[in-house]
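Welcome, and thank you for joining this tour. Please open the structure in your viewer and keep the selection tool at hand.

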Amino acid sequence: MLIETELPMAYVSVGQRVPEDLQKMTATELIDRAIVLGQQVNNTTDDLLYRIGMGKEMSNAQ
């Protein structure tokens with residue numbers, strides 16, 4: 001989404017507490033986190049999305 005819209009990423013949520021769980025993250029760190037989570041076998045797609053901070057956005061889109 002960020003690439004398509006050419007918007008910068010400001011923060012990523014790593015939990016449910018705002019603002020405590022907001023973290024700055026570089027694109028490289030986000031990609032690394034997605035790769036590591038994708039390599040874990042026992043996760044569902046929803047679990048992976050929540051763990052990389054995209055769960056709420058995906059839940060709202062459905």
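Start by selecting P19, which sits in the loop between β1 and β2. Strands here are DSSP runs of E with at least two residues, helices are runs of H or I with at least four, and both are numbered from the N terminus.

Residues are numbered from 1 along each chain as its sequence is written, and side-chain values use heavy atoms, with hydrogens and water left out.

Next, zoom out to the whole chain. It has four helices and two strands, and their order from the N terminus is α-β-β-α-α-α. Of the 62 residues, 15% are buried, where buried means under 20% relative accessible area, exposed over 50% and partly exposed in between, with a 1.4 Å probe and protein chains only.

Go back to the loop between β1 and β2 (22-23) and select D21. Is D21 buried or exposed? It counts as buried because its relative accessibility is 11%. Show R17 as well: the side chains of R17 and D21 meet in a salt bridge, 3.3 Å from N to O. The term stands for a side-chain nitrogen of Lys or Arg within 4 Å of a carboxyl oxygen of Asp or Glu. Side chains of opposite charge can pair when their charged atoms come close. The structure holds one salt bridge, and its partner R17 is exposed, at a relative accessible area of 51%.

Keep D21 selected and bring up Q16. The backbone nitrogen of Q16 is 3.2 Å from a polar atom of the D21 side chain. Beyond its neighbours within four places in sequence, D21 is in contact (heavy atoms within 4.5 Å) with V12, S13, V14, G15 and Q16.

Now move to Y11, in the loop between α1 (2-5) and β1 (12-13). Y11 and D21 are 10 residues apart in sequence, and their C-alpha atoms are 9.6 Å apart in space. Which residues does Y11 touch, not counting those up to four places away in sequence? They are L22, Q23 and K24.

Stay in the loop between α1 and β1 and pick E6. Its phi is near 55°, a positive value in a residue other than glycine. E6 counts as exposed because its relative accessibility is 72%.

For the last stop, colour the chain by pLDDT, the predictor's confidence in each residue, from 0 to 100. The mean for the chain is 74, and 68% of its residues reach 70 or more. Where is confidence lowest and where is it highest? It is lowest in helix α4 (residues 55-61), at a mean of 48, and highest in β2, at 90. Select residues 57-62 to finish: pLDDT stays under 50 there, and the model has two contacts beyond four places in sequence for this stretch. Where pLDDT is low, the predicted coordinates should not be read in detail.

Note on methods
This is a predicted model: local features need pLDDT of at least 70, side-chain atom pairs count only at pLDDT 80 or more; totals for chains, interfaces and linings use all residues. A polar contact is a pair of N or O atoms within 3.5 Å; within protein, one must be able to donate a hydrogen and the other to accept it, and residues adjacent in sequence count only if both atoms are side-chain atoms.
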